[in-house]
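Please keep the sequence and the structure in view while reading.

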Amino acid sequence: MEHPKDIKRVVLDGRSLTLEALVAVARFGAAVELAPEAREAMVRSRALAEKIAVEKRVAYGITTGFGDFATVAVPDEWSSQLSTNLILSHCTGTGEPYAAEQVRGMMLLRANALCVGISGVRPLLVEMLIDMLNKGVTPVIPQKGSLGASGDLAPLSHMGLVLLGLGEALYEGRRMPGGEAMALAGIPALDTLVSKEGLGITNGTCAMTSVGALHLYDTMQAARLADLISSLTLTALTGQLNAFQERMHTARGHKGQIQVAENLRRLTDGCEILERSQGDRVQDAYALRCIPQVHGAVRDALEFIKSKVDIELNAVTDNPLLFPEDEAVISGGNFHGEPMALPFDFLGIACSELASISERRIERMVNAALSNGLTRFLTTEGGVNSGFMIVQYTAASMASENKVLAHPACVDSIPSSANQEDFVSMGTTAARKAGTILQNTLSVLALELLTACQAVDIRRRVNSHGTGISPVHEALYQRVRQDVAFYDVDREIWPDVRAVEKLVRSGELLEIAEEKVPALA
C-alpha cells in the first residue's frame with residue numbers, strides 16, 4: 001500500500017479515487033488534475049440539463065423547487081436564481097469548523113462525483129474546486145447541521161458559498177471572507193450558479209465520507225499501534241506466548257486474528273524476558289491472551305468499513321441524475337447516507353474496543369495483584385509516592401466515554417422538509433463521533449505505552465527473568481525515554497503524558513517498528 005505522503009499527483013476521473021489518494025490531497029497537499037475524459041462527460045451532461053430546461057420538461061431541481069417544493073414549477077428565467085438560492089438558504093451550519101483536511105476531502109469528493117458526468121453541472125465547477133485545492137483556498141464549514149440525507153446539505157452549502165465569493169475561507173493561514181480568499185488566490189468567483197448546480201454542490205455524502213474516511217485511515221494506523229504497544233505490555237507482564245502460535249489462529253480462520261498473532265510473534269521475537277518466563281502460568285487473562293481475537297476482530301471490521309468507503313469515494317450521490325445516452329432524468333435517493341452511516345457507526349464501535357482492552361492491560365500493569373511480580377502502581381517507594389495510580393483512572397475515563405459515544409447514530413431519525421424527507425441517516429454524526437472515539441483511543445494507547453515502559457524498567461530492576469527485550473521493543477523504549485525519564489519518585493506527570501501522546505499521534509512509532517519488522521501487518 002502506497003503511503004499518502006508519497007502520492008504527489010491525483011487525477012480525478014470519477015472512478016479511481018482511493019483512500020490513500022484522498023489522504024494525500026486532504027492532508028499532504030498532493031496536486032489535483034482533471035482527466036480529459038471526465039471533462040468531456042460533464043460537457044455532455046450539462047448540454048442535457050440545458051435542453052431539459054429549454055424544453056420545460058418536469059425535472060426535480062431543474063424546473064421545480066426543492067424538497068417539499070418539488071410540486072412548484074420554476075420558470076426557466078429563474079432557474080439560475082433557484083440554484084443560487086439553494087446555497088444561500090441552506091448554509092445553516094453551526095458549531096466549531098471542520099478541520100481544513102476534512103474540508104479539503106469534501107471538495108475532492110464533490111469534484112470526483114461530478115466528474116462522472118451524470119450530474120448536469122458545468123465542468124467549471126469542478127475546475128474551480130480543483131483550483132481551490134491546489135491554491136489552498138479552504139471554505140470554513142461548521143461541523144453541525146447535517147442529517148446525512150438529501151446530501152450533507154448544510155455543510156456543502158457553506159462550501160458552495162465560497163464558489164460564489166461569499167461565506168468564509170482559510171487562505172495562507174488566515175480566516176477571511178470567501179471572496180477575499182478567492183481574489184488573493186487568483187480564482188474568479190461565480191456571479192451565480194445555473195440550473196441543477198445548487199443540487200450538484202449540496203446533494204451528496206461528501207461531508208460524512210470525507211470525515212469518516214480520514215478517521216478510518218487513522219484508525220487503521222491505530223490498530224497497528226495497538227499491536228505494537230500491547231506486545232510491549234505483554235513483555236512487561238511476562239505473557240505466555242503459546243496463545244499466539246500460528247496453528248491456534250488458523251484453526252479459527254479469521255484473517256485479522258491471524259495477522260495480529262503473526263505481528264505479536266514478530267514483535268516479541270528475541271525477547272529474553274519472555275523466553276525465560278514461558279511456563280510460569282498455564283494461560284493469561286483475556287486482555288493478554290485474547291489480543292489477536294480482539295485486535296483481529298477490529299481489523300476485520302476496518303476492512304469491511306474500507307470496502308464500503310472505497311465504493312463511496314467514487315459514487316455519484318446527487319439527485320436527479322441525467323443519463324445522456326437516452327436523455328433520461330431519474331429522481332432517486334443516492335444522496336441518502338445510510339450506506340456510510342452504518343459503517344461509520346461500526347468504525348466508532350471497533351475503535352472503542354481498542355481503548356477498552358488497552359485500559360485493561362494498563363490496570364494489570366499497575367495492580368500488583370495482577371502484574372506477575374511488578375511493584376504496586378509501578379513505584380519504587382510506594383506510600384509517599386502514588387506512581388502510575390491515576391494513569392489508569394484517566395484511561396478508564398476515556399474508555400468509558402467511548403462506550404457512550406459508540407451508541408449508533410444511524411438508529412435515530414427525525415423527519416424533515418414537511419415529512420417529504422421522512423427517514424434520514426445521521427451518518428455525518430456517526431462520522432464525527434468516530435473521530436472523538438479515535439482521539440480518546442490514541443490517548444489510551446499513549447497511556448499504555450507510557451505505563452509499559454515504566455513496567456519494563458521495574459521488571460528489569462526486579463530481574464526475575466533477565467533484562468533483555470526484543471530489538472523492536474528496545475528501539476520503541478529508547479524513543480520514549482528520549483522524551484520521558486523513568487518515574488522514580490512522584491513529579492508532575494502531565495508533561496510525560498503529553499509527550500507520549502504527541503509521539504503516538506506523530507506516526508514515528510510505526511516507522512520505527514517497520515524498520516525493525518518490515519513485514520509488520
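Throughout this report, a contact means that heavy atoms lie within 4.5 Å. The model is predicted, so that local features need a pLDDT of at least 70 and side-chain atom pairs count only at pLDDT 80 or more, whereas totals for chains, interfaces and linings use all residues. Residues are numbered from 1 along each chain as its sequence is written, and side-chain values use heavy atoms, with hydrogens and water left out.

**Cores**

A nonpolar core is understood here as a set of buried Ala, Val, Leu, Ile, Met, Phe, Trp, Tyr and Cys residues that are joined through side-chain atoms within 4.5 Å. Buried means under 20% relative accessible area, exposed means over 50%, and partly exposed is in between, with a 1.4 Å probe and protein chains only. Helices (H or I, at least four residues) and strands (E, at least two) are DSSP runs, numbered from the N terminus.

The largest nonpolar core holds 145 residues, and the members that touch the most others are Leu12, Met132, Val137, Leu449 and Leu509. Helix α9, which covers residues 206-236, gives the most to this core, with 18 residues. Apart from it lies another core, of seven residues, which include Leu48, Ala53, Ala59 and Leu322. When neighbours within four places in sequence are left aside, Leu449 is in contact with Ile229, Leu232, Leu476, Val480, Val500, Val504 and Leu509.

**Helix packing**

Axes are lines fitted to C-alpha atoms, for helices over the stretch in contact, and angles run from 0 to 180 degrees between N-to-C directions.

| Helix pair | Angle | Axis separation |
|---|---|---|
| α1 (residues 19-28) and α4 (residues 100-115) | about 130° | 8 Å |
| α4 and α9 | about 125° | 8 Å |

Angles under 35 degrees count as roughly parallel, over 145 as roughly antiparallel, 65 to 115 as roughly perpendicular and the rest as oblique. With its angle of about 130°, α1 is therefore oblique to α4. At about 125°, α4 is likewise oblique to α9. A crossing is left-handed if the near helix is turned anticlockwise from the far one by less than a right angle, and right-handed if clockwise. The crossing of α1 and α4 is right-handed, and the crossing of α4 and α9 is right-handed as well.

In the second pair, Glu101, Gln102, Gly105, Met106, Leu109 and Arg110 of α4 meet Cys206, Ala207, Thr209, Ser210, Val211, Leu214 and His215 of α9. The contact of α4 with α9 divides into six nonpolar residues, five polar and two charged.

**Individual residues**

Thr84 is placed in helix α3, residues 79-90, and counts as buried because its relative accessibility is 9%. Not counting residues up to four places away in sequence, Thr84 touches Leu164, Thr192 and Leu193.

Gly14 sits in the loop between β1 (9-12) and α1, and at 0% relative accessibility Gly14 counts as buried. Beyond its neighbours within four places in sequence, Gly14 is in contact with Asn112, Cys115, Val116 and Asn314.

Arg175, by comparison, belongs to strand β7, residues 174-177, and is partly exposed, with a relative accessible area of 49%. With its neighbours within four places in sequence left aside, Arg175 contacts Pro97, Val140, Glu168, Ala169 and Leu170.

**Backbone features**

Most residues other than glycine have a negative phi, and most peptide bonds are trans. Asn319 and Pro320 are joined by a cis peptide bond with omega of about -5°, and Pro320 is found in the loop between α14 (291-312) and β8 (321-323). Asn372, in the loop between α15 (338-366) and α16 (389-405), has a positive phi near 60°. Asn463 has a positive phi of about 55° although it is not a glycine, and is found in the loop between α17 (427-462) and α18 (471-483).

Notes:
Nonpolar A, V, L, I, M, F, W, Y, C, P; charged D, E, K, R; others polar.
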